[in-house]
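Below is a short briefing for a reader new to this structure. Please look over the sequence and the model before reading the points that follow.

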Amino acid sequence: MKYKIKIVLLLLLILMVLFMRNISNYSNTSSNIIYVIKDEYTRLGYTQYDLDMLESFLDENQMKEIIKLNIPRNILFSYHKQKSFEFDKIMLYEDVRTNKKVTFKEAINLVNHPYLMSDFYESIRSAINLNTELILVNKNYYLKKDYIPENLILGDDLHPLIPNDKSRNYLQKEAYNALKALFIEAENNNIILYFSNGYRTYEKQDKIYSEYLSQSHNADVYSARPGHSEHQTGLAVDITCQSVNYLLTENFEKTAAGKFIKENAHHFGFIERYPKNKEYITGYTYEPWHLRYVGKKAASIIYLSNITLEEYLIKYTNMPN
Ligand SMILES: [Zn+2]
């Protein structure tokens, strides 16, 4: 009996020793790994504080990716400041940023919106910034059939070409107020502006586009496809004057009214939406009569930097993914 107990005790002892050795081996290797990895993070510029912070929004694999991909602290943190940053796209951003020599913000926007200014009607997706003054509708960004802007106001006091025409005289409230102020300022300078088109429904655009299509092979040059017209936002307006017979024509730029618009519209939050020599970006030939309300801040930057709305969104905003 005693002999058996001794044997069992001895076996237990051996087991315990083996177990302890295993534990100490395991923790040795593990701390070695942590030590080596930490060294790698330090080499890339990260402090312990940074790592604790990063662990709160990156998973284990992503933490390892920082080292695998060799991402320096200043690069990761410059991206992290941007609202639409996604860690898994970081190498795509870096490719764009270094090849195109753009900022971190622009790189993220360009990765998320590769067809903002190209491949017209080839890579379409839903409009962005809905219900804001920076809503983007163009040949690739479309509004659904049932999208109707909020706060539409009838602009019948803005010298409409066709008074009481509810299918063309509506505007969103902000655009209406701004246009009214612009018209008053013009009048103070002895210039009478006329309001030709404002909000247009999807159905009406569909009709207009179909008419162009039946008459010309180049319908896309002159008219937007339904859902792709900025007039559906209620923030776009066509302006004309008496000396061009109230037409929407490029000659408008040569008139006193056209010149006044070009120099002053931005003070009221409007931009020339389809400027000269920017067809490759907007997809439209020069339209000096077509203004778009974007608010005073954006309008001033766009005017002073001679850029389009598309370029403004890429350079100065956090575009949604
Ligand atoms: Zn227009």
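In this predicted model, A298, I301 and I302 of helix α12 meet L309, Y312 and Y316 of helix α13. Sorted by class, this contact has six nonpolar residues, with no polar and no charged ones.

**How the two helices pack**
- Helix α12 covers residues 296–305 and helix α13 covers residues 309–316.

**The buried side of α13**
- The buried residues of α13 are L309, L313 and I314.
- Seen down the axis of α13, these residues fall within an arc of 140°, so they line one face of the helix.
- The elements that the buried residues of α13 pack against are α6 (104–112), β7 (270–272), β8 (290–293) and α12.

**Residue K89**
- K89 sits in the loop that runs between α4 (73–80) and α5 (90–100).
- K89 has 17 other C-beta atoms within 10 Å, so it is partly exposed.
- Along the chain K89 and I108 are 19 residues apart, and their C-alpha atoms are separated by 8.6 Å.

**Confidence of the prediction**
- The average pLDDT of the chain is 92, and 91% of the residues score at least 70.
- Residues 23–31 have a pLDDT below 50.

Key
Residues are numbered from 1 along each chain as its sequence is written. This is a predicted model: local features need pLDDT of at least 70, side-chain atom pairs count only at pLDDT 80 or more; totals for chains, interfaces and linings use all residues. Axes are lines fitted to C-alpha atoms, for helices over the stretch in contact, and angles run from 0 to 180 degrees between N-to-C directions. Helices (H or I, at least four residues) and strands (E, at least two) are DSSP runs, numbered from the N terminus. Two residues are in contact if their C-beta atoms, placed from the backbone, lie within 7 Å. Ala, Val, Leu, Ile, Met, Phe, Trp, Tyr, Cys and Pro count as nonpolar, Asp, Glu, Lys and Arg as charged, and the others, Gly among them, as polar. pLDDT is the predictor's confidence in each residue, from 0 to 100. A residue is buried if 20 or more other C-beta atoms lie within 10 Å of its own, exposed if 12 or fewer, and partly exposed in between; C-beta atoms are placed from the backbone. The arc is that of the directions from the helix axis to the C-beta atoms.
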